[in-house]
Amino acid sequence: MSERLARVSVWWETRVRCTLRSEQGFQTAEAIGIAAVGLLVLVVIYAALSALGFDVIEWIGDTFGVGDDPPTAPGG
């Protein structure tokens, strides 16, 4: 009986445990996590723009200094 238990234990260790320790699915889980964070960021940006509208766009432009220069005529 103990010999059979030892063989099953060795089989379990070599076949099942090695499979459970494998990191093959890690890349998929990582990609899903990154996509979820990206989606969350897009939802937050959309909610902020929906709630505050032009004020948010104006604040972002002021923060980065976009739109400070007066427009120039074509041809210089």
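The model is predicted: local features need pLDDT of at least 70, side-chain atom pairs count only at pLDDT 80 or more, and totals for chains, interfaces and linings use all residues. Residues are numbered from 1 along each chain as its sequence is written, and side-chain values use heavy atoms, with hydrogens and water left out.

The protein contains 3 helices and 0 strands, where helices (H or I, at least four residues) and strands (E, at least two) are DSSP runs numbered from the N terminus. Along the sequence the pattern is α-α-α.

Helix α2 comprises 27 residues and spans 39 Å from its first C-alpha to its last, close to the 39 Å expected at 1.5 Å a residue; the expected span is 1.5 Å times one less than the number of residues. After α2 comes glycine 53, with a positive phi near 60°.

Of the 76 residues in the protein, 4% are buried. Buried means under 20% relative accessible area, exposed over 50%, and partly exposed in between (1.4 Å probe, protein chains only). Leucine 49, which lies in helix α2, is classed as partly exposed because its relative accessibility is 33%.

The protein exposes about 7,200 Å², of which carbon and sulfur atoms supply 67%; accessible areas come from the Shrake-Rupley method with a 1.4 Å probe, and for residues only the protein chains shown count as cover.
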